Amino acid sequence: MGTLDGKVALVTGASRGIGNEIALGLGRAGATVVCVARDPERLDEAVFKLRTESIDAVAAPCDLAQPGAVVRLPSQVAAIGEVEILVNGAGVLGSRTSKTLKASYREWRAVSAVVLDAPFLLIQAFAPAMMARRSGRIVNVSADEGRMTGPGNTGGVAPYRVAKAGLNALTRNFAYETGLGRRGLFVDAVAPGRSRTDLGGSGAPRSAAEGAETAIWLCTRPAVQADGSPAPTGLLWQDHEVLPW
């Protein structure tokens with residue numbers, strides 16, 4: 001028996017990179033995985049590979065840059081079951097030279113739509129039922145570039161850095177709004193570290209699987225600690241450790 005048997009997990013950005021590795025890990029833990037990505041053909045290929053691992057995976061094509069498509073996603077997947085785990089893993093980097101005074105508004109909106117707006121809409125869509133069941137996990141895949149400390153948002157790639165900082169703020173704010181786990185809903189962010197993905201590049205120090213590991217852990221860890229208190233939540237994590245925002 002897997003730790004997630006009988007649960008439905010929805011993972012955005014699941015056709016490649018870290019999102020695909022998260023889908024793989026949650027599927028291996030027993031979850032039915034709803035895989036969301038923009039490119040239907042690439043998504044179908046990813047789901048086929050997951051199924052060869054005996055994972056119950058379902059493709060749900062959706063262009064997360066289009067708010068209307070995101071809003072329709074819950075009805076698209078309703079027949080699969082109640083989503084109890086939501087992983088916002090999709091990301092868009094934009095131009096690597098996009099400083100604040102050089103980024104176009106079109107690029108700014110394109111990055112924010114996927115990195116920040118889509119997670120906001122998906123949380124609004126799926127979190128109420130999680131709270132009603134007093135059982136749910138939301139993991140937002142952030143980045144070191146979104147931190148206010150460390151390497152953080154110290155200039156360059158402005159749309160991406162600022163959108164990830166907003167995703168961090170959304171994570172912390174919503175976790176406090178929902179009682180920091182006391183209502184059964186755990187909301188966290190992950191900074192996976194630079195990984196060998198389309199965004200991270202082939203020279204990155206981590207594999208996509210290594211980048212995905214902490215997100216998988218957050219979705220599968222016990223909700224209650226040994227002393228009976230809720231597991232810590234509303235935090236930014238990397239390698240199972242808390243990072244300063």
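Predicted model: local features only at pLDDT ≥ 70, side-chain atom pairs only at ≥ 80, totals over all residues.
Local features need pLDDT of at least 70 and side-chain atom pairs count only at pLDDT 80 or more, while totals for chains, interfaces and linings use all residues. Residues are numbered from 1 along each chain as its sequence is written, and side-chain values use heavy atoms, with hydrogens and water left out.

Helix α2 covers residues 40-51. Helices (H or I, at least four residues) and strands (E, at least two) are DSSP runs, numbered from the N terminus. The 12 residues of α2 reach 16 Å from the first C-alpha to the last. This is close to the 16 Å expected at 1.5 Å a residue, where the expected span is 1.5 Å times one less than the number of residues. The N-terminal end of α2 is capped by Asp-39. A side-chain oxygen of Asp-39 lies 3.0 Å from the backbone nitrogen of Glu-41.

Leu-43, Ala-46, Val-47 and Leu-50 are the buried residues of α2. Buried means under 20% relative accessible area, exposed over 50%, and partly exposed in between (1.4 Å probe, protein chains only). Viewed down the axis of α2, the buried residues fall within an arc of 100°, so they line one face of the helix. The arc is that of the directions from the helix axis to the C-beta atoms. An α-helix has 3.6 residues a turn, so residues three or four places apart point the same way. The buried residues of α2 pack against α1 (17-28), β2 (32-37) and β3 (57-61), with contact meaning heavy atoms within 4.5 Å. Exposed Glu-41, Glu-45, Phe-48 and Lys-49 sit on the face of α2 turned away from its buried side.

The structure holds 1 cavity of 30 Å³ or more. A cavity is a set of points on a 1 Å grid over the protein atoms alone where a 1.4 Å probe fits but cannot get out; lining residues have an atom within 4 Å of a point. The largest cavity has a volume of about 50 Å³, the volume being the space filled by probe spheres set on the points, which are joined across faces, edges and corners. Its lining includes Thr-12, Leu-64, Asn-88 and Val-141. α4 (105-133) and α5 (158-177) each supply at least two lining residues. α4 gives the most, with 4 residues.

Ser-54 is not a glycine, yet has a positive phi of about 65°. Ser-54 is found in the loop between α2 and β3 and counts as exposed at 72% relative accessibility. Leu-180, also not a glycine, has a positive phi of about 50°. Leu-180 is found in the loop between α5 and β6 (185-190) and is partly exposed, with a relative accessible area of 22%.

Notes:
Polar contact = N/O pair within 3.5 Å; in protein donor to acceptor, adjacent residues only side chain to side chain. 1 Å grid on protein atoms, 1.4 Å probe; cavity = no way out; pocket = protein on both sides within 12 Å on 5 of 7 lines; lining within 4 Å.
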